[in-house]
Amino acid sequence: MIEARHLRVLRAVAATGSFSAAARQLGCTQPAVSQQMKALEASVGTPLLVRTGREMRLTQAGEALVRHASGILAGLTAAEEEVAAIAGLRAGRVRLVSFPSGSSTLVPTALAALRAAHPGTRVSLEEAEPPRSVALLREGDCDLALAFRYEKVRHGTGGGSREAPAAAEDWDDLVVRPLLTDRLVALVPERHRLARAESVAIGELAHEPWIAGCPRCRGQLVEVCEGAGFTPRIDFATDDYPAVVGLVGAGLGVAVLPQLAVESVRPRGVRTVRLEPAVRREIVALTLPDLAQVPAVAATLEQLARAAHAAGRG
C-alpha cells in the first residue's frame, strides 16, 4: 500500500535530486529519507530511483509515480481540509425528515438557530409521517427524522380508558432523543354544545360525525374511542390539518388533533377543548448511532431540543 508520506518524500527527492537536499526541504534527516524511499520501493515492488554517486535519477516507474503524486497529494489535502471544515461545523449537510406539524412549528425555530450559529451547515427538509420517516432513516435517505409515537391505550372498566407509557416500537437500533409530550385536544365547531366546555370526555362525542387525520392518527382515534365504548363514525378523512380544521369550522363534524398540529394552522370557526382523560403522543428526534457522532447532526439535534424546550413542553 502506498502511503502519502512516502509520496511526499519521493516528490522531494525528484525535485532536489538527492536524499540530503530532500531531507533539508522536508526538515528531517537523510537516513529517514533513505528509509522511507526503501519502504516505498518495497510496497510497489520495483525500483523507483537509480543511484549514481551523489545523483538520483528516476526510473520509468518512479517518473510515473511522481506524475501521479501531485494529483494524489492535492486531492488528499483538499479532502483533509473539507473533513476539517465539516468537523468544525464550517461546512456540512444534514438531511432532515419531519412530519408536517413538526415542520411548521419546531423545525423553523431549530433551523434558524442552527444557521445563526453555524452558517456553513446546510439542512434539507422532506416531509413524511412515521413509520415512513423511520424507514427513510434506516435506508440511508436521511440523517435525522422527527417522529412521534402515541401512548398505548389501556382499556379500563366502565367504558373509560387510560394511557400506558409510549410503546418502544422498533427503535432499539436508533438513537432516540425525546423532545416533548404533545397532548391531543378535541376540535368542535364554535357553536357546538360543548364549545364552551373546559374539558370533555371523548365518550361525550360518541354520536358526532368525525373528521379524521393521517392514517396513524386515524388508527389512534379509533382505538381511543373504542376504549371509551364506541366506534366513531368517520365522515371525512384527510392528511391535511388545515382541511380538518376547515371541515370542523364548517360544522361538518368534530375531530381530535395533537396540540402541535393545532398550533401549526390558524383555526377559524372552531373551539379547542381539553380531552379527559389525557391522550398524548411523544415527539422524538431519531438518528443512527454513527450519525449521532457527526457534528452537524449533533448540532441539529441540540437545536431541535432547544426549540422544544422553548415551546414550553420539552
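Predicted model: local features only at pLDDT ≥ 70, side-chain atom pairs only at ≥ 80, totals over all residues.

Colleague: Is Phe148 buried or exposed?

Modeller: Phe148 is also at 0% relative accessibility, so it counts as buried.

Colleague: How does one describe a pair of aromatic rings?

Modeller: Two quantities are used: the distance of the centres and the angle of the planes. The structure holds two aromatic pairs. In one of them, the ring centres of Phe99 and Phe148 are 5.1 Å apart and the planes stand at 85 degrees; angles over 60 count as edge-to-face, so this pair is edge-to-face.

Colleague: Where in the chain do Phe99 and Phe148 lie?

Modeller: Phe99 is in the loop between strand S3 (93-98) and helix H5 (100-104), whereas Phe148 is in strand S5 (residues 144-155). The two are 49 residues apart, and their pair links distant parts of the chain.

Colleague: At what angle are the planes of Phe148 and Tyr150?

Modeller: Those planes are at 80 degrees, with the ring centres 5.7 Å apart, so the pair is edge-to-face. Tyr150 is buried, its relative accessible area being 8%. Phe99, Phe148 and Tyr150 form one aromatic cluster.

Colleague: Let us turn to a helix. Which residues of helix H2 are buried?

Modeller: Helix H2 covers residues 19-26, and its buried residues are Phe19, Ala21, Ala22 and Ala23. They pack against helix H1 (4-16), helix H3 (30-44), strand S1 (49-52) and strand S2 (55-58). After H2 comes Gly27, with a positive phi near 75 degrees.

Colleague: And the chain as a whole: how many helices and strands does the protein chain have?

Modeller: The protein chain has eleven helices and 13 strands. Its radius of gyration is 31 Å, well over the 20 Å that the globule rule gives for 314 residues, so the chain is more spread out than a compact globule. Along the principal axes, the C-alpha atoms fill a box of roughly 105 × 35 × 30 Å.

Colleague: How far apart in space are Leu180 and Ser18?

Modeller: Their C-alpha atoms are 67 Å apart, and 162 residues separate Leu180 from Ser18 in sequence. Leu180 belongs to strand S7 (residues 175-189) and is buried, with a relative accessible area of 3%.

Colleague: What share of the residues is buried?

Modeller: Buried residues make up 43% of the 314 residues in the protein chain.

Conventions:
Residues numbered from 1 in each chain as written. Heavy atoms only, no water. Helix = DSSP H or I, 4+ residues; strand = E, 2+ residues; numbered from the N terminus. Rg over C-alpha atoms; globule rule 2.2 N^0.38 Å. Buried < 20%, exposed > 50% of the residue type's maximum accessible area, 1.4 Å probe, protein only. Contact = heavy atoms within 4.5 Å. Phe/Tyr/Trp six-rings, centres within 6.5 Å; stacked < 30°, edge-to-face > 60°.
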